[in-house]
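Here are some notes for a colleague who is opening this structure for the first time.

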Amino acid sequence: MLRPALVSLALLATLAGCSPSEPPKPKKEPYAAASAALTDGVLLPAYTRWTDSDRQLADSARALCAGEQDLASARQTYLAAHGAWAALQPLAVGPLSEGNLAWQVQFWPDKKNLVARQVNTLLSSKPQLKQADLEQASVVVQGLTAYEYLLFDPAIDLADLEQKRRYCPLLLAIGSHQQALSARVLAAWLGEQGMASQLKSFPNARYAEAREAVAELLRVQVSALDGLKKKLGTPLARGKTPQPYQAEAWRSGASLASLDASLASAEALWRGANGDGARSLLAAEQADLATRIDAAYSETRQRIAALGQPLNVLLADEAGRASLGQLYDSLDTLHRLHEAELAKALGIQLGFNAHDGD
Amino acid sequence: MRRRVFLGLGGTLLAAAALGGWTLGRSAGQAPLLLSARNDADGRHYAVGYRLDGQRQFATPVAERCHDVVAHPTLPLALFVGRRPSRESYLVDTRDGRLLQTLASPADRHFQGHAVFHRGGEWLYSTENDTREPGRGLVGVWRLNGNQLQRVDELSSHGIGPHQLLWLPDGERLVVANGGIRTEADSREKMNLDAMEPSLVLLQRDGTLLSKEQLPERMNSVRHLAVADDGTVVSGQQYEGDPADAVPLVAIKRPGQPFQPFPLGEAQRQVMHQYTASVAIHSGLRLLAITAPRGNRVFIWDLDSAELRLDAPLPDCAGVAACTEGFVVSSGQGRCRLYDCRQAEIRMQALQLPAGLWDNHLRLA
């Protein structure tokens with residue numbers, strides 16, 4: 001029995017008298033260890049990269065508009081910022097999900113091409129657009145999707161001086177808005193009672209125990225995997241006519257890169273930076289499930305790597321659509337493995353009342 | 001010092017140790033009894049009772065998932081009401097969980113998840129749907145005879161798809177939330193989103209209509225209620241229209257005043273995602289609490305000034321009920337929480353009850 005053993009150990013310790021050194025630290029409970037490891041190894045680095053990429057975005061907008069940077073470099077900087085944002089999708093716990101902020105960063109889906117319309121409406125009404133004007137404007141024009149429109153849409157040529165004069169005030173304002181927003185979110189992670197601390201020390205004002213934190217990480221991961229299916233499934237429109245303009249980041253051709261960046265983060269939550277992610281919480285008898293999830297990540301990411309063409313090219317012919325269909329099925333498998341089997345294996349309830357309508 | 005202990009743990013404790021003496025509870029010295037429907041991880045349904053200190057009183061397996069629970073005013077009985085559209089409710093002995101009666105809904109009627117015992121303990125009123133004329137709202141009248149509830153009569157709810165009903169403080173007048181949504185016999189599918197008729201109705205116990213009021217937005221389903229001891233009624237809505245529409249998701253009817261929106265901050269309204277779950281009022285502290293499981297937030301406001309007192313994260317938050325200290329809140333996913341509202345700063349403690357799988361409503365007896 002455990003109890004007598006513990007008692008005798010305690011007795012032994014008492015008899016041995018005070019040890020001069022500190023007592024050995026109790027080993028961290030596995031869920032607390034995983035949550036802390038993921039925070040330091042995966043979440044904080046991703047939020048920091050995003051904030052850095054938005055600072056570079058704001059710098060790039062200033063340089064481009066001052067004639068100190070060419071359009072090609074500005075586009076690269078945008079792609080990096082969008083990639084850093086995509087990487088946050090499976091990691092959107094806490095501050096990012098609580099202030100309706102995601103729409104301010106990315107406007108998707110944009111079924112009616114609101115981005116193009118609202119950008120031009122805004123600039124017609126405010127040709128001398130100031131930062132404050134953007135802060136009060138719709139989320140449609142505040143984020144990366146509008147920024148992408150300015151840099152990539154065929155109707156706009158920022159190498160042309162006249163157009164630069166028209167569009168630069170907005171480009172600059174979006175850059176600053178994104179920089180400030182990401183800095184604010186990172187600050188909410190880093191404060192003394194910040195999100196990072198709440199994922200590392202339990203109980204706290206947010207989580208009663210580590211299991212609640214891991215549950216929330218899994219919930220966001222599952223919801224992001226589901227979102228990736230939607231991001232691919234919407235333009236693919238299986239059985240119907242493909243909808244290339246319904247894709248995320250279609251103007252910059254970054255749809256698949258974005259998908260892969262999100263997947264990489266989902267996989268990082270699973271594996272952890274040092275083998276200390278959700279996978280480490282599975283017991284030995286659940287090794288089969290661990291192997292299947294490993295395989296599903298490998299397969300899905302290999303399929304993306306093997307596509308070799310941008311989404312719009314693939315959507316245009318049957319062979320390309322077939323490859324995308326296989327990718328969709330892999331994503332679906334991956335999603336289901338997390339939603340059903342992993343959640344059950346970890347004893348995590350993903351949601352019970354939220355969609356009841358009661 | 002108690003205060004120091006709280007601060008040392010960042011405002012939070014995992015119950016028990018610090019909870020010490022419960023001040024309220026029917027049985028002297030015992031922590032209040034929390035009654036709720038709950039599932040297990042395999043999806044089986046239970047009617048459960050737990051003392052707030054974590055001790056399990058009972059967990060009775062039941063065939064159908066339940067929704068609200070109605071404790072008898074004097075006897076150790078509670079009715080676990082079937083979740084709509086349900087044909088069964090369960091009368092349980094709250095001392096040991098013994099199933100005393102499986103209440104079958106009458107032919108062509110199904111339960112809508114809520115009911116109330118009359119203060120005298122002899123009568124029970126339940127919201128129901130007429131499945132021959134789907135959506136026609138009814139209030140079923142039942143009489144307690146020994147340990148059995150018998151169907152006696154039914155009244156009109158004066159609306160479509162009645163959901164929660166409660167007593168006004170005199171214990172003789174009912175307030176009914178007619179959700180306004182028509183559903184067919186055994187389905188949860190919404191059939192009339194283009195012609196919804198939600199309303200807040202006040203009734204005499206004999207069925208006489210006293211008042212019927214509506215909010216301007218027809219797709220804003222009035223579903224859950226709480227009543228303060230001065231007769232103030234608060235309702236929580238679920239909006240079926242455009243996710244971007246700004247509509248009053250919380251409404252209030254102060255005594256003698258019209259039914260009108262309760263002023264919400266824009267940030268709170270947005271994060272609710274057009275959906276509120278349970279509503280509770282602490283009459284002594286004049287506080288209003290609402291769970292918003294789609295936004296994963298628990299809110300507490302000052303009932304009179306509408307000042308926001310708490311906006312806290314709790315994934316899949318579900319039932320809420322007032323207790324001496326403030327409010328107890330359950331969750332479909334995490335641990336139940338006690339929010340101690342007696343000081344200016346509201347403090348949260350997790351309770352040592354099983355985590356997750358708690359259904360929409362809880363009652364303290």
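1. Please keep in mind throughout that this is a predicted model. Within it, chain A contains 15 helices and 0 strands, and its C-alpha atoms fill a box of roughly 85 × 50 × 45 Å when the principal axes are used.

2. As for the interior, buried residues account for 44% of the 358 residues in chain A. When contacts between residues at least 6 apart in sequence are considered, 75% of those in chain A join residues at least 24 apart.

3. Chain A is divided into domain 1, covering 30–198, and domain 2, covering 210–345, and the centres of these two domains of chain A, taken over C-alpha atoms, are separated by 23 Å. Their contact draws on 29 residues from domain 1 of chain A and 34 residues from domain 2 of chain A.

4. On the domain 1 side of that contact, the elements of chain A that give two or more residues are α2 (30–65), α3 (71–88) and α8 (144–152), with α2(A) giving the most, 11 residues. By class, this side of domain 1 of chain A has 21 nonpolar, 5 polar and 3 charged residues.

5. Turning to the partner chain, 23 residues of chain A are in contact with 33 residues of chain B. Helix α11 of chain A (residues 210–236) supplies the largest share of the chain A side, namely 5 residues, and that side of chain A, sorted by class, has 6 nonpolar, 8 polar and 9 charged residues.

Conventions. Residues are numbered from 1 along each chain as its sequence is written. Chains are lettered from A and ligands numbered from 1 in the order in which they are written. This is a predicted model: local features need pLDDT of at least 70, side-chain atom pairs count only at pLDDT 80 or more; totals for chains, interfaces and linings use all residues. Two residues are in contact if their C-beta atoms, placed from the backbone, lie within 7 Å. Helices (H or I, at least four residues) and strands (E, at least two) are DSSP runs, numbered from the N terminus. Ala, Val, Leu, Ile, Met, Phe, Trp, Tyr, Cys and Pro count as nonpolar, Asp, Glu, Lys and Arg as charged, and the others, Gly among them, as polar. A residue is buried if 20 or more other C-beta atoms lie within 10 Å of its own, exposed if 12 or fewer, and partly exposed in between; C-beta atoms are placed from the backbone. Domain bounds come from an automatic or database domain assignment.
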